[in-house]
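Q: Please take a close look at the aromatic rings in this model. How are their pairs arranged?

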Amino acid sequence: MADLEKLFDNNRKWASRKLAEDPTFFQELAAQQAPQYLWIGCSDSRVPANQILGLAPGEVFVHRNVANLAHNSDMNFLSVLQYAVEVLKVEHVIVCGHYGCGGVRAASDNRSLGLIDNWLRNIKDTYTRHREELEQLDGEARADRLCELNVLAQVHRVCHTTIVQNAWAAGRALSVHGLIYSLKDGLLHDLALQVNRQDQLEEIYRMDMAIGS
Ligand code: CO
């Protein structure tokens, strides 16, 4: 594994640095995790959740995919969300996009990239819904705005899941937030969308969870 030797070397140094700072660090983490946040972000290598948030291992539960999408039939996303909300009992779900997102850019034109076109297709729906606003902007401003609108759409999609609606129906405090990260300065921006009650959703999405129980 000569190709990965540098990584193993980094890892050994990191582990011993952690131990030097706190001799019980790994022992305590191995016993339990109690993160307060679920992060749903882009797979982009420049947007690592823990580092951006300044959080240590154990402090944020992370799900990443191309263009930070919350597809309502994606078992991976749904399983992460369910485990985070129902088992880990996180109180904050953060959907974080980033400006300059390649996935969002790819969905903004007509080029086909293969299978991933299907994954990114919902971004075109968001574009269509906001076409008037988007087409008044040009170039980078339009791309940036679509990155923001994509985050806002995913916040709603997270809220439309049975998982979040069940948590609210049970009286749990659970907030879903929309954030965006700038690659240019390393700063996070709040998109001022925080959903923590069913009546913040369009009426058709407000499921009566009592019916199914
Ligand atoms: Co991206």
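**Aromatic pairs**

A: F61 is buried, as its relative accessible area is 16% (buried means under 20% relative accessible area, exposed over 50%, partly exposed in between, with a 1.4 Å probe and protein chains only). This is a predicted model, in which local features need pLDDT of at least 70, side-chain atom pairs count only at pLDDT 80 or more, and totals for chains, interfaces and linings use all residues. Residues are numbered from 1 along each chain as its sequence is written, and side-chain values use heavy atoms, with hydrogens and water left out.

Y83 is partly exposed, with a relative accessible area of 36%. The ring centres of F61 and Y83 are 5.8 Å apart and their planes are at 35°, so the pair is tilted. Rings of Phe, Tyr and Trp (its six-membered ring) pair if their centres lie within 6.5 Å; planes under 30 degrees apart count as stacked, over 60 as edge-to-face and the rest as tilted. F61 belongs to strand β2 (residues 60-65) and Y83 to helix α4 (residues 75-87), so the pair ties together parts 22 residues apart in sequence. Helices (H or I, at least four residues) and strands (E, at least two) are DSSP runs, numbered from the N terminus.

The count comes to three aromatic pairs. One of them joins F25 and F26: it is edge-to-face, with 5.1 Å centre to centre and 85° between the planes. F25 is buried at 13% relative accessible area, and F26 is partly exposed at 30%. Ring pairs link W14, F25 and F26 into a cluster. The charged end of K18 sits over the ring of F25, 5.1 Å from its centre (NZ of Lys or CZ of Arg within 6 Å of the ring centre and within 35 degrees of the ring normal).
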